[in-house]
Amino acid sequence: MRLWGNMYEKMGTVTVRYGSKAGVDTSAAPQYVYQGNHVPGDPNGNFGTAVLLTDLDHDGGADLIAGTPWADNGDGTVTVLPSGIAADGTRRIGTAGAQLFKPGQVGMEILNAIPEFGSVLQNSRQVSLINT
């Protein structure tokens with residue numbers, strides 16, 4: 001992907017489609033999320049390899065958690081993008097309050113290995129640490 005004149009071979013994106021229990025709202029434009037677009041992190045680390053929607057702050061909206069396993073030379077990162085109320089009154093994933101977590105911040109030791117933190121999210125140690 002070419003972004004701001006630079007070529008990123010391992011740049012990933014997450015496409016967010018909104019809806020309800022009744023289904024996906026096909027009339028609303030999808031939201032494309034990628035690092036470098038007000039999202040913290042390295043745009044060359046396969047952002048979105050693993051994704052999870054969950055209500056981390058218990059405000060009734062789904063927050064986006066996205067793994068970037070090849071960021072920081074394979075150490076990996078996990079990005080949390082909270083949901084909030086948009087200008088039109090709807091709840092949307094946003095970049096305000098976005099947080100970037102690295103392995104050392106959640107207690108992972110890197111001992112001559114490439115941990116690829118963020119390659120697996122659901123039911124993993126990383127997610128349980130982020131939720132605490």
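Thr79 counts as buried because its relative accessibility is 0%, where buried denotes under 20% relative accessible area, exposed over 50% and partly exposed the range in between, computed with a 1.4 Å probe on protein chains only. The structure is a predicted model, in which local features need pLDDT of at least 70 and side-chain atom pairs count only at pLDDT 80 or more, whereas totals for chains, interfaces and linings use all residues. Residues are numbered from 1 along each chain as its sequence is written, and side-chain values use heavy atoms, with hydrogens and water left out.

Thr79 belongs to strand β9 (residues 77-81), strands being DSSP runs of E with at least two residues and helices runs of H or I with at least four, numbered from the N terminus. Leaving aside residues up to four places away in sequence, Thr79 touches Gln35, Val39, Pro40, Phe47, Leu64, Ile65, Ala66, Gln99 and Leu100, a contact being defined by heavy atoms within 4.5 Å.

Strand β9 takes part in an open sheet of four strands, ordered β7-β8-β9-β12 and paired in the antiparallel sense, where pairing requires at least two bridges found by DSSP between two strands. Because β7 (51-54) and β12 (99-101) stand at the edges with a single partner strand each, one side of each is left without a neighbour in the sheet. From one strand to the next the twist averages 20 degrees, with axes taken as lines fitted to C-alpha atoms (for helices over the stretch in contact) and angles running from 0 to 180 degrees between N-to-C directions. Four bridges join β7 to strand β8 (residues 63-68) in an antiparallel pairing, and Leu52 stands opposite Ile65 in β8.

The largest pocket holds about 280 Å³ of space; a pocket is an open set of points on a 1 Å grid over the protein atoms alone, with protein on both sides within 12 Å along at least five of seven lines, and lining residues have an atom within 4 Å of a point. Its lining comprises 17 residues, of which Val16, Arg17, Tyr18, Leu53 and Ala62 lie nearest the centre, and the elements contributing two or more residues are β3 (14-16), β7 and β11 (91-93).

For the protein chain overall, two helices and 12 strands are assigned, following the pattern β-β-β-β-β-β-β-β-α-β-β-β-β-α along the sequence. Of its 132 residues, 36% count as buried, and 45% of the contacts with a separation of 6 or more are between residues 24 or more positions apart.

Technical notes: On a 1 Å grid over the protein atoms alone, a cavity is a set of points where a 1.4 Å probe fits but cannot get out, and a pocket is an open set with protein on both sides within 12 Å along at least five of seven lines; lining residues have an atom within 4 Å of a point. Grid points are joined across faces, edges and corners, and a volume is the space filled by probe spheres set on the points.
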